[in-house]
Amino acid sequence: MRVRVLRRLGLGALAIVLAAAGGAWYWYQWSRQYAPTYVPKDAALKREPLFFYPAANGHARAFFLFMGNDVAFWEPHQAMANRLSRVGYDVVGMDIKRFLAALPDHPVAARDSAYAASILPLIARARAELHDDSLPLVIGGHSFGAEVALWTAMHRPPPRLAGVMMMSTRGNGHFFVQPSDLMMQEASGPGSFSTVELVRDIPQSVRIAAIRGQRDDFQRWDSTFAAVGGARYKRFYVPFTGHSIRKIVLAGPFIERAMAFLVDTTATREKE
């Protein structure tokens, strides 16, 4: 009996070790496949939570700053950046959670001011690193990151801003990563802001593309976004996905279409 128990325990421990090893191998392979393809020469940029994916053909159509979400610039975002770089965009991913963690916690006004003062110089350095100062610029993010991107487009628009990509956007946002964000609830409390008002008030020259998963509960806001966004707003609806939009194989073509809509001034609003 004792031998049998020990054998079962040994097999259980072996299964755990193999599972852990398999997970580590998977992460290693993923990291190699979608790792950033460029290391900045600017020493200051190396200290920032930025990840560079220059256009694979060396001839970028636009510069895209993608702000990740309340978790990080994680696997699906890395895969998205890799995909867009292969079709001619210079992409810089930002771990917005790490970036905001370096700002003052309180008061709210001080945190907002610190973000406002730091974001434009950072974007300018990243663009200069890739020699993209003359290219159209798109900023975007996923969920929490999309809301920060909208705030940036309204209150601190970078030069040559052509568009905003908002993925899985809620009706309200803020600059603090809170448990409610991880639980996919609406932002609320001091410092929160309306993303609907931002979409309404962003200059009409800036296009806005919304990426929304079919099963995302926050799609209840889409009709309101469309109403206030007008002709420069377009939604791209991704089937078989939820709020995370982690299936880039499915979402990729829609993201590429959204980017083309944002940077191509001759693009028209196709019927959804």
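The report below covers the basis, the sheet, and then the helices.

## Basis

This is a predicted model, in which local features need pLDDT of at least 70, side-chain atom pairs count only at pLDDT 80 or more, and totals for chains, interfaces and linings use all residues. Residues are numbered from 1 along each chain as its sequence is written, and side-chain values use heavy atoms, without hydrogens and water. Helices (H or I, at least four residues) and strands (E, at least two) are DSSP runs, numbered from the N terminus.

## The sheet

An open, mixed sheet is built from 7 strands in the order E1-E3-E2-E4-E5-E8-E9; strands pair if DSSP finds at least two bridges between them. E1 (50–53) and E9 are the edge strands, each with a single partner, so one side of each lacks a neighbour in the sheet. E5 and E8 run parallel and are joined by 5 bridges. Gly163 stands opposite Arg207 in E8.

## Helices H5 and H6

Helix H5 (residues 108–129) and helix H6 (residues 144–155) pack at about 70 degrees, with axes 11 Å apart; axes are lines fitted to C-alpha atoms, for helices over the stretch in contact, and angles run from 0 to 180 degrees between N-to-C directions. H5 contributes Asp112, Tyr115, Ala116 and Ile119 to the contact, and H6 contributes Val148, Trp151 and Thr152; contact means heavy atoms within 4.5 Å.

## Helix H10

Buried residues of H10 include Ile248, Phe254 and Leu262, where buried means under 20% relative accessible area (1.4 Å probe, protein chains only). Their cover includes strand E2 (63–66) and helix H3 (75–86).

Key. Buried means under 20% relative accessible area, exposed over 50%, partly exposed in between (1.4 Å probe, protein chains only).
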